[in-house]
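Reader: Hi! Could you walk me through this model with me looking along?
Author: Happy to, just ask away.

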Amino acid sequence: MPAFPYLREPTPLDKPSVIRMNRDTVYSGAIVDISEGAPLTVPDSGGRCMSVMVVNEDQYLNRVIHEPGEHTLSADVFGTLFVNLLVRTLVDASDPDDIQEANALQDQVQIESVSGGLANLELLAVAWPASSEGLSFHNSGLRKA
């Protein structure tokens with residue numbers, strides 16, 4: 001299963017990558033091809049706040065997952081071929097041991113694209129299909145025609 005790209009440390013106060021980054025959160029993210037389904041595994045965080053936001057290509061926040069276990073992501077449910085997943089894990093930024101515990105939880109989040117398509121941000125540049133046959137462009141993303 002592909003690994004998620006991670007922000008392993010709390011956001012530096014002088015270098016937030018976006019305006020609303022939280023100092024008490026470590027982040028993971030992926031863009032995932034869900035055209036044929038994609039099982040997402042969320043670990044049991046033991047009471048620590050951990051959430052997975054699922055945002056479709058129309059930039060609609062379809063669901064926020066808090067429950068541990070396996071969750072099936074599909075185009076039928078989310079309405080687009082790809083979704084953006086943003087995993088947020090609560091952390092005590094002043095405690096290195098707590099940061100390590102949060103990082104261990106990050107490592108347990110797993111996603112697998114059944115179609116074998118894009119499953120992490122490093123592959124974004126090669127995500128577009130070689131042929132546009134059978135696909136149409138809709139709003140901000142691809143749809144099966």
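Reader: Which residues does D98 touch, leaving out those up to four places away in sequence?
Author: D98 touches R48, V91 and D92, where contact means heavy atoms within 4.5 Å. Please keep in mind that this is a predicted model, where local features need pLDDT of at least 70, side-chain atom pairs count only at pLDDT 80 or more, and totals for chains, interfaces and linings use all residues. Residues are numbered from 1 along each chain as its sequence is written, and side-chain values use heavy atoms, with hydrogens and water left out.

Reader: Thanks. Is D98 buried or exposed?
Author: D98 counts as buried, because its relative accessibility is 14%. Buried means under 20% relative accessible area, exposed over 50%, and partly exposed in between, using a 1.4 Å probe and protein chains only.

Reader: And where does D98 lie?
Author: In helix α2, residues 96-108. Helices (H or I, at least four residues) and strands (E, at least two) are DSSP runs, numbered from the N terminus.

Reader: Which other residues of α2 are buried?
Author: Besides D98, the buried residues of α2 are I99, A102, N103, L105 and Q106. They cover an arc of only 155 degrees around the axis, so they sit on the same side of α2. That arc is taken from the directions from the helix axis to the C-beta atoms.

Reader: What does the face turned away from that buried side carry?
Author: The exposed residues P96, D97 and Q100 are found there.

Reader: What caps the N-terminal end of α2?
Author: D95 does, with a side-chain oxygen 2.9 Å from the backbone nitrogen of D97. A polar contact here is a pair of N or O atoms within 3.5 Å; within protein, one must be able to donate a hydrogen and the other to accept it, and residues adjacent in sequence count only if both atoms are side-chain atoms.

Reader: Nice. What about S45, where is that?
Author: S45 is in the loop between β3 and β4 (50-56). The S45 side chain reaches the backbone oxygen of R48 at 2.6 Å. Leaving out residues up to four places away in sequence, S45 touches M50 and L105.

Reader: Switching to sheets: what is the strand order in the open sheet of 3 strands?
Author: The order is β6-β3-β8, with antiparallel pairing. β6 (69-73) and β8 stand at the edges with a single partner strand each, so one side of each is left without a neighbour in the sheet. Two strands pair if DSSP finds at least two bridges between them.

Reader: How many bridges join β3 to β8?
Author: There are 2 bridges between β3 (residues 38-42) and β8. T41 stands opposite Q110 in β8.

Reader: And I111, buried or exposed?
Author: I111 counts as buried, because its relative accessibility is 0%. I111 belongs to strand β8 (residues 110-111). The C-alpha atoms of I111 and V32 are 8.1 Å apart, although 79 residues separate the two along the chain.

Reader: Which residue other than glycine has a positive phi?
Author: Q59 has one, with phi near 65 degrees. Q59 is found in the loop between β4 and β5 (61-65) and is exposed, with a relative accessible area of 67%.

Reader: Last one: how many helices and strands are in the protein chain?
Author: The protein chain has 2 helices and 10 strands. Of its 145 residues, 37% count as buried.
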